[in-house]
Amino acid sequence: MSGDGSQPSDTMAERSTDPTWKHHLLLNANRWVVTAGLMLFVFVGLLAVARFSPVSFRALVGSQDPIGTLFQALTTALITGVTLVVTINSLVLSQELGAVEDQRTRLEGALDFRRNVEGSIDAPISPPEPSSFLQAVVAASEDRAHDFREAVSESQDEELKDRVDDFVDNVTTHADSIRDGLEDAQFGTYAVLKAALDYNYSWKIFRARRIRNVHADSFTDEAHEAYDDLLESLKLFGLAREHFKTLYFQWELINLSRAMMYVAVPALVVTMSMLLFFDANAVSGVFIGVDLLVWIVVAAATIAVAPFLLLIAFILRVATMAKRTLAIGPFILRESSRGEEIDWE
């Protein structure tokens, strides 16, 4: 870059300081696959502890009642967890309820925003689908960047033209990759938000404003107008991204609520069955050096904690996204890999 310091990478994975596997686990991986992985970890972990523990599990069962204590606690936790899920659903849905005037205000706000975007993308009507909508806004920022370069092409300030060329090349390349990522992406999947989060519009706003402030004396009226149009398109993308991020969070919480209910019922059946019908004395034998009693109890316990592991899998993604997108506009809250300070005069 031309003296603008160290520019962040174009994708969120590259901008992250986390290892690739951790980034994939937190954000990209299917939540059911993550849940299955956590269940496998719990299952293998408990088996390993039982296998290498100096205390015999069967001896504990004979002198105490760890099975009854465990599954009584899990049954109570499951019922409480389902109640919590219903509460979460109620909180999410409460945002969609309200008086007519509240709904009118929301509708007018949405229509005003769409009209602003339609003015930016030079279209009579903006696309209704989130992926197409974001594609149109990204394409508009690319077009406005080209207009900005054209507006300064006759300037006598060579440094300005070099910086604008460098800036526009980055916007164009990045916009093309984002539009490809949004192609055929369906809202409700992480694909739409992944592409939107990859577009580091905040850094682009910062660079555009920096160019404007440093070379203000070289800006013509045409350059000022092109700059304002470019900045407006980037700001509209930021607003659109935050709006769709909020909708996605609500969508994910509803999906989490439904998924937990689906998983909680079988888990509750298992925990109650272990309390009502399981007799440790009726189980005998060893498999791979581990008592069959341990295999059965560990398998049942793993199924019983599945709803909580599912909750962890969903919250990991939502919390990670929220942390990485706390600020709106030209603020970078994460640790920057900047190798030098901005030294433009």
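## Aromatic pairs

F43, F287 and W295 come together as one aromatic cluster. Rings of Phe, Tyr and Trp (its six-membered ring) count as a pair if their centres lie within 6.5 Å; planes under 30 degrees apart are stacked, over 60 edge-to-face, and the rest tilted. This is a predicted model, where local features need pLDDT of at least 70 and side-chain atom pairs count only at pLDDT 80 or more, while totals for chains, interfaces and linings use all residues. Residues are numbered from 1 along each chain as its sequence is written, and side-chain values use heavy atoms, with hydrogens and water left out.

By the ring rule, there are 11 aromatic pairs. One of them is F113 with F133, a tilted pair at 6.0 Å centre to centre with 40° between the planes. F113 belongs to helix α6 (residues 100-121) and F133 to helix α7 (residues 130-152), so this pair ties together parts 20 residues apart in sequence. Helices here are DSSP runs (H or I, at least four residues), as are strands (E, at least two), numbered from the N terminus. Both F113 and F133 are buried, a word that means under 20% relative accessible area; exposed means over 50%, and partly exposed is in between (1.4 Å probe, protein chains only). Then there's F287 and W295: the ring centres are 5.3 Å apart and the planes sit at 65°, so that pair is edge-to-face. F287 has 44% relative accessibility and so counts as partly exposed.

## Charges over rings

The charged end of R51 sits over the ring of F52, 5.6 Å from its centre, and K204 lies over the face of Y199 at 4.9 Å from the ring centre. The rule asks for NZ of Lys or CZ of Arg within 6 Å of the ring centre and within 35 degrees of the ring normal.

## Salt bridges

The structure holds 14 salt bridges, each being a side-chain nitrogen of Lys or Arg within 4 Å of a carboxyl oxygen of Asp or Glu. Take D291 and R58, whose closest N and O atoms are 2.8 Å apart. D291 is in strand β2 (residues 290-291) and R58 in helix α4 (residues 57-63), so the bridge ties together parts 233 residues apart in sequence. R58 is partly exposed, at 30% relative accessible area.

K194 pairs with D198 at 3.5 Å between the closest N and O atoms; both lie in helix α9 (residues 190-198), four residues apart, or about one turn. K194 is partly exposed at 33%, whereas D198 is buried at 7% relative accessibility. In helix α11, K235 and E232 are three residues apart, about one helical turn, and their closest N and O atoms are 3.8 Å apart. E142, D176 and R179 are linked in a salt-bridge network.

## The whole protein

Overall, the secondary structure comes to 13 helices and two strands. Buried residues make up 41% of the 345 residues.
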